[in-house]
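Have the viewer open as you read.

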Amino acid sequence: MPEKCKESSRSLAENAQFLRSLFGMSADYYEKELVIGGIRCRIVMFTGLSSPEKLTVMALSLLEQERRRFADGAALVRYLLTSSRIPAESEPLAKRAEWIERLANGLALLLVEGSPCAVALSTQEMPQRSVSEPDGEGNMHGPQEAFTEQLRANISLLRRQFRTAALVAEVHTAHTHARTEYCLCYDRERAAADTVEAVRRRLAGIRLPVLLDSTYFASFLKQDKLNLFPAAAYTVRPATACARLCEGKIVILVAGSPSAMIVPSFFSEHFECLDDYSSGAVFAGLIRLLKYLAFALAVFGPALYVMALSFAPEIVPADLLAGLARAEAETPLPPMLEMLSVSLLLEIVREAGLRAPKSISHTVSIVGALIIGETAVSAGIVSIPVLTMAAAATIATLAVPSLYEQSILFRFAAILLAGIWGVLGFACCVLLVTAMACGSDPFGYDYLYPLMPPGRAAWRDGFVRSIWSRLARADRRAP
Amino acid sequence: MKREKPDLFAALLISLMTNLLLGDGAGYWARLGLLSFPACAAALAGVAWLFARSWRQVEPLRPVRWLWLALLTGAAALELLRLWQLLCGVYPGSLTLLGVCLAALLPVLYLRRVSAIAQTANVLLTLSLPAGLILIASVAGGLRVSNLQTPACTAAAWGQAAAAQMVVYPELLMPALWPDHDKRGPHTAARLAGIGLAVSAGLQLVLELYFGAALPWQENPVHTAARAGTFLLFRRLEWLQLALWCMMVSVKLALYLYAGVRLLGGQGCKSENNAVGIKRLPVYFLLVVSLCFCWRQTDPERLFAAQNRLTAVFAAAVIAGGGFLWLCRSQKNC
């Protein structure tokens, strides 16, 4: 049996020796012997996670003022847990594994001579980023705060907006080497009990070497691993997470990650944002329709261009066709290869701009977009229409950022298929994407709900958004 | 919304519509067709319902199941051949038969879940509505009421129209294979036959308004109309219709695969939604492609007519056999 799984001893020296053997080499490990009520004790903590000042002010000085004496260690532990005013956890910690877990969580441990149980004192003081505005997910109206890396802080951000007893925040420890914590948040009145149970069971069964972000869970929650559509949605905004909780969804927070995962997630949610509900229904509806159009353009626009020029010129109006044909005649590559190479180049520029240090990322963009683009056209390597279409598709991709990966992958597939088989290949790709979306059933729900099959719900809060009074009425009718 | 039991009605309808869109016309005049439509729809629904009742009796007989499986595989190959022929006519030299088979069967990879077939068919059905409206709008200038034919309402003409409408497509019989068919009653058959024939008669009416007396001589009247139509800026919009038809064929192939799996005893799967699986796809692909290559020299329309006759004979045999078995069992019970 490993040492840390063993039961603790009654001897203070032995218990202290055990902890010293584990953490003694670490610079942030702090221990101090002291006497409380006539009993020898030892306080241990990590200085970066727990504050000695807090410990002194909140616990030790209080104990000193009380001036009580105890017969033995067990009596002191009992007093601290039940009668004292110091901020101690209510349960004694008898297992060494629990000690390690509490220390890692930033609590201070009080080991007591003659007692096998330690007392955990809440003296956490971890360095943390303050709540700031989110980098992505731009919104003009509504709350402007974002999740941070602190799990407890994130839970509190949620609870601050969700002020009912229905919010449940279950904290679990993942089966990872680092024993990372994650939290399952849901509204017990609105979330389907079987879905919560299914998510809980699946998350509990996940074995990972490391868990740095909630996205790591995504592939485990997918039913069809071949499906490219995401099984979950993500947000860094507590307000969005809160809105999803109200819809009966489950929010998963992971310690150390500012990104919350939302399950089950539907296709239409990628086209929604908080501003939709702040602005007027007509404008919000228009913006949503534009986003659907942008997604279609991002995925199928370049393929349609390739198909039109290579196989079906009748698609293009005669006046435009003459110009396109002239531009194509001046370039050496066939439209499919031309479009593929330009799309690839744009992706490389984007990736370089994203990964490069901020000081040079602007240079990368300028070199990529202006110099390479301009010179490629001047040299006759690519035509202006191809460049225009590829750029339009790339910009359209950014209108639905949560489907960025899918847009890029589908776009390349569409260009290839349309370039090889023309109308048939284009149809094949459209059907592939549609079938993928239709075949995805996150936790037994229709991924295309409420868009398909088309019904009243699709027009209430799907393709467009209805007015608030109707949305509220529908919400009241919902079980 | 929870996905409880996927309804394949839309997929069956799409599959039925494919028979009309890729073929060389319904073979009747709209006036007679519209008049005989209620009786024919009722008769077809009756056949489908009787078949479903009889199928329960003959289902345990393995040769019958294999026979239907062979019919379905042949029908799938035939559909690909018809599509290939159509596409070769539009884009000569750009597509091989293998390419058409690959492109049409590739999406089946993602249509292996029953819910995916059902929902994709819903999407296609929704898309077919604006596509149909665009088709009508694009030929609107050429639609003439004077083109409507007024054939004499003789018994022979009625018979001809009824015979053209009374085609027993495999899709009408397929609901008998679905696991919960017994609970649904005759509604599915009635709706399927009714809507299928209504679409056929409606399409025939539009085509007759456009082509007039020349309609019977058109090789693929729907495609010819789509090719001739102009809409706003666009001179030809046939690609839109072709793309939609290609997708419909893929859904049809996926539906046939699911029906085949049911015939092979797919009930043993953990959940019905995953009954098709990915393992059977290569065998299906190989079978269908082999048949396509065997039949590539034959006229698909002749094969299609033969397939329809065979399906009708098969349905009649199953109804007769099922009835006979039911009588025998009733006698034993007495």
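## The sheet in chain A

Five strands form an open sheet in chain A, ordered E5-E6-E8-E9-E7 with antiparallel pairing. Pairing here requires at least two bridges found by DSSP between two strands; helices (H or I, at least four residues) and strands (E, at least two) are DSSP runs, numbered from the N terminus. The edges belong to E5 (167–173) and E7 (233–235) of chain A; each has a single partner strand, so one side of each lacks a neighbour in the sheet. On average, neighbouring strands are turned by 25° against each other, direction ignored. Axes are lines fitted to C-alpha atoms, for helices over the stretch in contact, with angles from 0 to 180 degrees between N-to-C directions.

This is a predicted model: local features need pLDDT of at least 70, side-chain atom pairs count only at pLDDT 80 or more, and totals for chains, interfaces and linings use all residues. Residues are numbered from 1 along each chain as its sequence is written, while chains are lettered from A and ligands numbered from 1 in the order in which they are written.

## Helix H8

Helix H8 (residues 238–246) of chain A lies across E5, E6, E7, E8 and E9 of chain A, at about 50° to E6(A).

## A residue in chain B

Which residues does Val251(B) contact, beyond its neighbours within four places in sequence? They are Ala11(B), Ile14(B), Ser15(B), Leu111(B), Ile117(B), Thr120(B), Ala121(B) and Leu124(B), with contact meaning C-beta atoms, placed from the backbone, within 7 Å.

## Back to two strands

Strands E8 (residues 250–254) and E9 (residues 260–263) of chain A run antiparallel, joined by three bridges. Val251(A) has Ile262(A) in E9(A) as its bridge partner.

Methods
Two residues are in contact if their C-beta atoms, placed from the backbone, lie within 7 Å.
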